[in-house]
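Please have the model open as you read.

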Amino acid sequence: MLDNVVQMTRASSHMTGVESIDPAILSVMREVDRRLFVPEEVQDYAYINEALPIGQRQTISQPFIVAIMTHFLDPDSDQTVLEIGTGSGYQAAILAKLVKHVYSIEIIPELAKEAEERLANLEFDNVTVKVGDGWFGWPEHAQFDGIIVTAQAPEIPQMLVDQLAVGGRMVIPVGPEDHVQTLEVVTKTSETEYSRAQVLPVAFVPMTGEAQKIDP
């Protein structure tokens with residue numbers, strides 16, 4: 001699986017500017033067994049470099065996408081990170097090995113419950129999961145050193161920018177639901193300003209809830 005991640009990273013470097021994924025991230029991806037985060041019926045495909053269905057019309061992201069998004073987030077062991085879209089809990093598990101604490105929001109109650117139980121059973125005690133609309137973030141625990149959004153957003157959610165610490169990064173797929181989106185890295189440069197870098201065309205399942213009311 002990781003051989004394909006390495007190959008795709010090199011092949012996409014002309015767009016991303018990334019020749020290789022941070023070795024610490026690759027090490028964690030070797031350690032965290034993706035098979036434990038997918039339904040039984042697709043476990044035979046757990047180690048291929050593709051997105052897989054996890055139920056509720058949702059997916060677990062392609063390993064390359066998990067790697068490159070985590071790389072752009074630039075995680076550090078003393079950071080607190082917000083994840084929008086818990087899904088199966090795989091991305092949260094990867095981050096939990098790299099940062100101090102992960103707060104993760106999932107809008108689908110069944111997925112949130114399953115992910116919370118899975119992460120607890122695997123002894124990820126630095127991940128907190130709640131059911132909610134990720135468009136609004138988790139203001140009680142802001143400011144976050146990093147925010148990772150694992151679903152398509154029609155635009156940059158201002159409330160998430162507001163909850164990002166100055167100097168922090170948000171990695172988010174932005175664009176219309178029915179077209180290819182663009183993976184963007186948002187860097188908070190001051191209390192009121194941020195920069196945006198477009199790095200890669202991607203295709204994610206859409207954010208629901210408040211995001212569905214936005215006309216991109």
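## Helix α1 against helix α4

Helix α1 and helix α4 (residues 63-73) have axes 9 Å apart and pack at an angle of about 60°. Axes here are lines fitted to C-alpha atoms, for helices over the stretch in contact, and angles run from 0 to 180 degrees between N-to-C directions. Helices are DSSP runs (H or I, at least four residues), numbered from the N terminus. The pair α1 and α4 is therefore oblique; angles under 35 degrees count as roughly parallel, over 145 as roughly antiparallel, 65 to 115 as roughly perpendicular and the rest as oblique.

V5, M8 and T9 of α1 meet P63, F64 and A67 of α4, where contact means heavy atoms within 4.5 Å. By class, this contact of α1 with α4 has 5 nonpolar, 1 polar and no charged residues. Ala, Val, Leu, Ile, Met, Phe, Trp, Tyr, Cys and Pro count as nonpolar, Asp, Glu, Lys and Arg as charged, and the others, Gly among them, as polar.

## Helix α1 against helix α3

Now for α3 (residues 23-31): its axis and that of α1 (residues 2-11) come within 11 Å and cross at roughly 150°. Helices α1 and α3 are therefore roughly antiparallel to each other. On the α1 side the contact is made by L2, V5 and V6, and on the α3 side by L26, M29 and R30. By class, the contact of α1 with α3 has 5 nonpolar, no polar and 1 charged residues.

## About the model

This is a predicted model: local features need pLDDT of at least 70, side-chain atom pairs count only at pLDDT 80 or more, and totals for chains, interfaces and linings use all residues. Residues are numbered from 1 along each chain as its sequence is written, and side-chain values use heavy atoms, with hydrogens and water left out.

Conventions: Helix = DSSP H or I, 4+ residues; strand = E, 2+ residues; numbered from the N terminus.
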